[in-house]
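Thanks for coming. I have one structure to show today, and I will keep it short.

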Amino acid sequence: MEKSEAKELIERAREAWDAEEWLRAAESYERVLAHFPDLEASAVWWYDAALAHKFLRNWAKAYELGREAAARAPRGEGDPAYWNLGIAATIQRDWATARDAWQGFGIQLPDGEGQIDHGFGHACVRLDTGGEREVVWIERLCPTRGKVVNVPISGGRRYGEIVVHDGVPNGERIIDGSTYPVFDELLLFESSDLPTLEVTVNAAEPADMEALVDLFTDHDFGAEPASGVRMLCACCSEGTHEQGRTVEAGAQQVSLAAPEEEARKLLERWADESVEGRSWSGLTAVG
């Protein structure tokens, strides 16, 4: 390939990029890189080609090209080539490459091998449910994976799922003065075996409802009172939203994540712990 042809292809790639035609952009970059993999400018071309395949959710190609991009990026300086490779390697379950990518970005990981399951704090993820979008809380297991710790109300999603999320926040949640990022989900990494149930609960005091939530949480299950769910428009969801941790008393629907028999036992235990003011009915499996 002549350099003049390569220059023309790079111009086409940039035009396609501006038009968000990711496949055409990636293909143009790759044609040039097949002949000029190690020019000074090639590092950017590798990165853009890998990023285009990330946008296309072609994780095998994002991984393949991302390795080339990271190999040409400076280590320990927060270069995004390492972050995108970390995501793609995680999805490909290449844990050695993922660990090296996070360290190349500049993140210190505890010593170890294999899957990364360390505490990275809490954050929120906007689940992509194929039409509905729901923000849930996660426990971050690594820079790009988290365990869902709410009971999702969107159909087909479950408490305890492991999701992969993007690296750039798209919103914030503020609780008690602490700010938590909201990331967009990239894919469902591991499903959950816990079914979703619904039950009508009557609680005399907010403390009674909190006791129900704590009881299920203590058994590694989930409970989500309807009074704790907030509906936001897309604009507000992607902005900064301050919220409290309050639940209300009275009769309301509660979404549960637990095997039905276990849920029934815990509900009975919860009701029996109070002389009056606690009751439940209509336990139903919904997903």
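This is a predicted model: local features need pLDDT of at least 70, side-chain atom pairs count only at pLDDT 80 or more; totals for chains, interfaces and linings use all residues.

Start with the largest nonpolar core, which has 43 residues. Val32, Trp59, Ile87, Trp102 and Val164 touch the most other members. Helices α1, α2, α3, α4, α5 and α6, along with strands β4 and β6, each supply at least two residues. The biggest contributor is α5, with eight residues.

Now take Ile87. Beyond its neighbours within four places in sequence, Ile87 is in contact with Trp59, Trp102 and Val164, among others. Its contacts also include Lys54, His165 and Asp166.

Apart from that core there is another, of 25 residues, among them Val151, Val201, Leu256 and Leu266.

Next, helix α9, residues 260-272. Its 13 residues should span 18 Å at 1.5 Å a residue, and the end C-alpha atoms are 18 Å apart, so the two agree. Which residues of α9 are buried? They are Ala263, Leu266, Leu267, Trp270 and Ala271. These cover an arc of only 135 degrees around the axis, so they sit on the same side of α9. What they pack against is β7, α7, β10 and β11.

Last, the loops. Most residues other than glycine have a negative phi. Glu20, in the loop between α1 and α2, has a positive phi of about 60 degrees. Glu20 counts as exposed because its relative accessibility is 57%, and the cut-off is over 50%. Asp176, in the loop between β5 and β6, also has a positive phi, of about 50 degrees. With a relative accessible area of 64%, Asp176 is exposed.

Terms used
Residues are numbered from 1 along each chain as its sequence is written. Side-chain values use heavy atoms; hydrogens and water are left out. A nonpolar core is a set of buried Ala, Val, Leu, Ile, Met, Phe, Trp, Tyr and Cys residues joined through side-chain atoms within 4.5 Å. Buried means under 20% relative accessible area, exposed over 50%, partly exposed in between (1.4 Å probe, protein chains only). Helices (H or I, at least four residues) and strands (E, at least two) are DSSP runs, numbered from the N terminus. Contact means heavy atoms within 4.5 Å. The expected span of a helix is 1.5 Å times one less than its number of residues. The arc is that of the directions from the helix axis to the C-beta atoms.
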